[in-house]
Amino acid sequence: AEWQQLEGNTSGNAKNISMVIDGLPTITTTTEDSITVDAEAKPHPLLSLPSCSRFKQLISITGPILGCNIGKIICYSAMTMRSATFGVADLAAHNVMLRVFFFFATFG
């Protein structure tokens with residue numbers, strides 16, 4: 001009978017559990033000693049550009065990844081355009097296979 005009571009409110013239970021899990025890193029890393037308030041501190045801007053040297057460091061790390069991602073996007077787009085010439089059923093099958101591939105590619 002208890003499982004029947006929980007069954008009706010599964011989304012609420014999942015939301016509560018996710019809120020607790022989301023708050024755990026904050027709870028475990030924040031102590032009274034680490035919280036300090038500086039009255040003269042300036043607020044950080046919401047959006048700011050990095051300095052030139054920091055930007056060069058970022059590009060040196062992310063440049064190869066960006067190149068790979070752009071290459072993949074071009075190839076996947078070309079495959080999709082080619083599949084579209086075979087008809088709707090073949091395009092749908094191509095779409096399903098790409099979704100399955102992307103799902104399992106996430107795990108390695």
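I began with H94 and found its place in helix α4, which spans residues 88-105; helices here are DSSP runs of H or I with at least four residues, numbered from the N terminus. I noted that this is a predicted model, in which local features need pLDDT of at least 70 and side-chain atom pairs count only at pLDDT 80 or more, while totals for chains, interfaces and linings use all residues. Residues are numbered from 1 along each chain as its sequence is written, and side-chain values use heavy atoms, with hydrogens and water left out.

Is H94 buried or exposed? I looked up its relative accessibility, which is 15%, so H94 counts as buried (buried means under 20% relative accessible area, exposed over 50%, and partly exposed in between, with a 1.4 Å probe and protein chains only). Leaving aside residues up to four places away in sequence, I found H94 touching M79, T80 and S83, where a contact means heavy atoms within 4.5 Å.

I then turned to S83, whose place is in helix α3, residues 52-84. S83 is buried as well, because its relative accessible area is 11%. With residues up to four places away again left out, S83 touches D90, L91 and H94. The side chains of S83 and H94 are joined by a polar contact of 3.4 Å, a term for a pair of N or O atoms within 3.5 Å, of which, within protein, one must be able to donate a hydrogen and the other to accept it, and for which residues adjacent in sequence count only if both atoms are side-chain atoms. I also checked S83 against N95: they are twelve residues apart in sequence, and their C-alpha atoms are 9.2 Å apart in space.

Back in helix α4, I looked at F104, which is exposed, with a relative accessible area of 53%.

Last, I looked up the confidence, given as pLDDT, the predictor's confidence in each residue from 0 to 100. The chain averages 76, and 61% of the residues score at least 70. Among the elements of the chain, α4 has the highest mean pLDDT (92), and helix α1, residues 2-7, the lowest (48). Over residues 1-6 the pLDDT is below 50, and beyond near neighbours in sequence this stretch has one contact in the model. Residues 25-29 also stay under 50, with one contact beyond four places in sequence. Where pLDDT is low, the predicted coordinates should not be read in detail.

Definitions and conventions. Helix = DSSP H or I, 4+ residues; strand = E, 2+ residues; numbered from the N terminus.
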